[in-house]
Amino acid sequence: MSESMTPDSSPAPAERAYPITPRPEDDARFTAGLALDVADVLTRHGYPRPASGPDWVELKLALFRFLYGNGGAA
């Protein structure tokens with residue numbers, strides 16, 4: 001049996017790449033430009049563009065939680 005297959009012949013689950021551990025103290029890649037790029041992708045897929053300050057804060061928090069975890073609870 002292949003190493004990537006489980007006994008029932010389904011693919012073995014891939015190891016997760018996110019959240020990034022350990023969380024970097026200061027990651028220069030996490031910028032306002034990242035949130036703008038994600039907003040552009042969402043808009044191209046038919047979602048409304050974030051319009052207000054709270055929309056942008058929530059988008060950045062969601063990205064942060066995805067990338068780095070939520071205080072250790074992933």
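## Gly69 and its contacts

Leaving aside neighbours within four places in sequence, Gly69 is in contact with Pro19, Arg23 and Phe64, where contact means heavy atoms within 4.5 Å. This is a predicted model, in which local features need pLDDT of at least 70 and side-chain atom pairs count only at pLDDT 80 or more, while totals for chains, interfaces and linings use all residues. Residues are numbered from 1 along each chain as its sequence is written, and side-chain values use heavy atoms, with hydrogens and water left out.

Gly69 lies in the segment after helix 2 (53-68). Helices (H or I, at least four residues) and strands (E, at least two) are DSSP runs, numbered from the N terminus. Gly69 and Arg23 are 46 residues apart along the chain, and their C-alpha atoms are separated by 8.1 Å. With a relative accessibility of 7%, Gly69 counts as buried; buried means under 20% relative accessible area, exposed over 50%, and partly exposed in between (1.4 Å probe, protein chains only).

## The aromatic cluster

The structure holds four aromatic pairs. Rings of Phe, Tyr and Trp (its six-membered ring) pair if their centres lie within 6.5 Å; planes under 30 degrees apart count as stacked, over 60 as edge-to-face and the rest as tilted. One of the pairs is Phe30 with Phe64, which is edge-to-face, at 5.7 Å centre to centre and 80° between the planes. Phe30 lies in the segment before helix 1 and Phe64 in helix 2, so this pair ties together parts that are 34 residues apart in sequence.

Phe30 also forms an edge-to-face pair with Tyr68, at 6.0 Å centre to centre and 65° between the planes. Tyr68 is in helix 2 and Phe30 in the segment before helix 1, so the pair ties together parts 38 residues apart in sequence. Phe30, Phe64 and Tyr68 form one aromatic cluster.

## Leu34 in helix 1

Leu34 sits in helix 1 (residues 32-44). Not counting residues up to four places away in sequence, Leu34 touches Arg29, Leu63 and Leu67. The C-alpha atoms of Leu34 and Lys60, 26 residues apart along the chain, are separated by 8.7 Å. Leu34 has a relative accessible area of 26% and is therefore partly exposed.

## The chain as a whole

The protein chain has two helices and zero strands. Of its 74 residues, 15% are buried. Among contacts with a separation of 6 or more, 56% are between residues 24 or more positions apart.
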